[in-house]
Amino acid sequence: MSTRRIFARPARYAAIAPYLWMVLFFLVPFGFVLKISLSQTAIAQPPYVPVFDFSEGWSAINAAFAQLSFDNFRLLASDSLYISSYLRSVVVAVTSTLILLLIGYPIAYGMARLPQRWQPIAMMLVIVPFWTSFLIRIYAWINILQHDGLLNKILLTLHLVSSPVVWLSTDTAMYLGIVYSYLPFMILPLYATLSKMDPSLLEAASDLGSSPRQAFWLVTFPLSLPGVGAGALLCFIPIIGEFVIPDLLAGSGSMMIGQTLWLEFFTNKDWPVAAAAAVALLVLLVPPLLLYDRLQRGTLEGGR
Amino acid sequence: MSGQSPEVDTAKINTAVAQATPTAPADDTPLLRVEGVSKKFGDFRAVDRLSLDIKAGEFFALLGPSGCGKTTLLRMLAGFETPDEGRILLGGRDIAPVLPHERPVNMMFQNYALFPHLSVRDNIAFGLKRAGMARAAIDTRVGEMVALVKLDGLEKRRPDQLSGGQKQRVALARSLARRPKVLLLDEPLAALDKKLRESTQLELMELQRRLGMTFIVVTHDQEEAMTMANRIGVMDAGRLEQVASPRDLYEAPASRWVAQFVGDVNLFDGEVSSREHHQLTIATRDGGAIMVAEPHDPVGETVVSVAIRPEKVKLLRRGPELDAGNAQAINQLEGVVTDVSYLGGSTVYKVKLDSGAVVRSSIANTARLDIDTLSAGQRVIAWFAPDDCVVLER
């Protein structure tokens, strides 16, 4: 009994670490953002009111609390700019995730079926692009896609087009950039689940009368769903808030929420509205997270 | 016997059912014929020009050490491996071009290979659905299977909510559900503990008899093979060393290797020195002249081994009292008891002969109190009858 207590103590402290991390680097900053989102913009330093000043006692703080309002959120809900940015973010994220899944699944599947000694090499090839800075790779795409860029040169040389095609500043370029950048995040979790799968399950399926196609849809695919969920979330969540890729590769016609946020924050200097937009984005991400959690638990517990 | 075309799945299942009924005609044509089949992995010959006939309704065991090719042979029957040469005929038809999912053969996998995302019920129904059976018929069949392997009440569980023994039953039910012509079992009991393994052996035998199906089981456990099978094929290095009933395998092994692999044995190497009155005398290096009964098939070579099972070797402090007529008929070897292992039902004595060789003798403990036990250091005479010896070519 006493020995158990001795060993349990450090373990219990260690268990606090992730919570401490969450509080320090997520909850506290989120509290700041939430507070700003409920404030009003002002030409001041910092550019919003009220400012909590703990030196002036409780009454001042109480008064400051009274000034907080949901005005910014009402603005978000009523202004079509924000609604359309949110919608575009969701559409872009969903579309990109689907494309990523369609491209990533066959690649991960192929990797998992490679001879054992080739698998680490294939894995390296997936990871290798990370060795170059993300921003540099996106700029490289600009080079490739621009009017007299590599892609147009190749197309013209092959006589596939008669005049240069406009690639840059289109949605096509943006999707290309997103899919290119996020593919590893889709492939790796899928590969992890697919490579762990027991090959005798496929033999059993075949033995019990499934054609290879049936065996895939009845056994491989359902068993890879946790990987599909992980990969999809790993892509969907950052894509929905993506700023750099749409800003550099897409046209200026419509914006994703990340771009709108940036505009509010740096161009309009409207911190409170920008903060409100950020909070709303977070709320937007809760449903897919809950869905994934349910899915995960379903596969773990074998729920009925 | 209609609807043989592989496209009509229901018809195929029905024929399989018809053929699997216990009243299957016992004619001479084997259900399964393996003809000169070889399989190589790189330079390694896993199965080497092997031929084998298996009759309908047999419980056949492929026995051998690991790496002997028994699992490869089983996998070729299931269709997971293709033979490099030779043919496999099922009911007279070459099944080489038939893909695994179209063969009227099912397999129970060593690790069970249950689908973790499906319930017990759906695991058992899996093969029936693929065969295009009607929903009601599937429900009936699954019910039968669940009752057959005594899994009632567990239909909704997932494999990870089952014990090892229960998983084994689900795997069995799933492979039996399609009523295959031949059921292949790959080390079906290897993952169970000893007690459960013994009771499951009996259940498998009972099931096989009741369903009249042909079972081919792969095992490395000779006791398991001897208990369950009608016939055993002993494999080594990709070849069948001997195919025989459990009794013949033990009492009349075809080679030194089989004699040593199946059960315990004492071996004396020597040469045939004389042959008279249906008795051979063999001059052995370690045991002197040993008399053996002349085997049915005459021994072709003179360089042979004499094999004698330990339970056929008796021990006495003094030489057995022999009447004159019998005197020639008994082999006697003198030595010292060096080791006594009490095993409950029997005791194994190691006797070091004066020649330096060691003979093992297993003696049944037929009485609870034994006043005349032998102990280490005692001088004894090990004796055995010529009829109990087997002459093996070397």
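Domain bounds here come from an automatic or database domain assignment. On that basis, chain A is divided into domain 1 (32-69) and domain 2 (72-301). This is a predicted model: local features need pLDDT of at least 70, side-chain atom pairs count only at pLDDT 80 or more, and totals for chains, interfaces and linings use all residues. Residues are numbered from 1 along each chain as its sequence is written, while chains are lettered from A and ligands numbered from 1 in the order in which they are written.

Let me stay with the two domains of chain A. The C-alpha centres of domain 1 and domain 2 of chain A lie 39 Å apart. Nine residues from domain 1 of chain A and nine residues from domain 2 of chain A make the contact. Two residues are in contact if their C-beta atoms, placed from the backbone, lie within 7 Å. On the domain 1 side, α1 (2-37) and β1 (40-41) of chain A each supply at least two residues. Helices (H or I, at least four residues) and strands (E, at least two) are DSSP runs, numbered from the N terminus. The largest share of that side, four residues, comes from α1(A). By class, the domain 1 side has five nonpolar, four polar and no charged residues. Ala, Val, Leu, Ile, Met, Phe, Trp, Tyr, Cys and Pro count as nonpolar, Asp, Glu, Lys and Arg as charged, and the others, Gly among them, as polar.

Next, a helix pair in chain A. Helices α5 (119-127) and α8 (171-196) of chain A pack at about 160 degrees, with axes 10 Å apart. Axes are lines fitted to C-alpha atoms, for helices over the stretch in contact, and angles run from 0 to 180 degrees between N-to-C directions. So α5(A) is roughly antiparallel to α8(A) (over 145 degrees; under 35 is roughly parallel, 65 to 115 roughly perpendicular, the rest oblique). The crossing of α5(A) and α8(A) is left-handed: the near helix is turned anticlockwise from the far one by less than a right angle, and clockwise would be right-handed. From α5(A) come Gln119(A), Val126(A) and Ile127(A); from α8(A), Pro184(A), Ile187(A), Leu188(A) and Ser195(A). That contact has five nonpolar, two polar and no charged residues.

Now chain B. Four strands form an open antiparallel sheet, in the order β2-β1-β4-β5 (chain B). Two strands pair if DSSP finds at least two bridges between them. The edge strands are β2 (44-54) and β5 (93-94) of chain B. Two bridges join β4 (85-90) of chain B to β5(B), and Leu90(B) has Arg93(B) as its bridge partner. Helix α2 (70-78) of chain B lies across β1 (32-41), β2 and β4 of chain B, at about 65 degrees to β2(B).

Which way do strands β9 (231-236) and β10 (239-244) of chain B pair? They are antiparallel, over five bridges. Gly233(B) has Val243(B) as its bridge partner. In this hairpin, with two residues between the strands, Ala237(B) takes a positive phi near 50 degrees.

Last, the chain interface. In all, 21 residues of chain B are in contact with 17 residues of chain A. Elements giving two or more residues to the chain B side are β6 (105-108) and α3 (120-130) of chain B. The largest share, three residues, comes from α3(B). The chain B side divides into 10 nonpolar, six polar and five charged residues.
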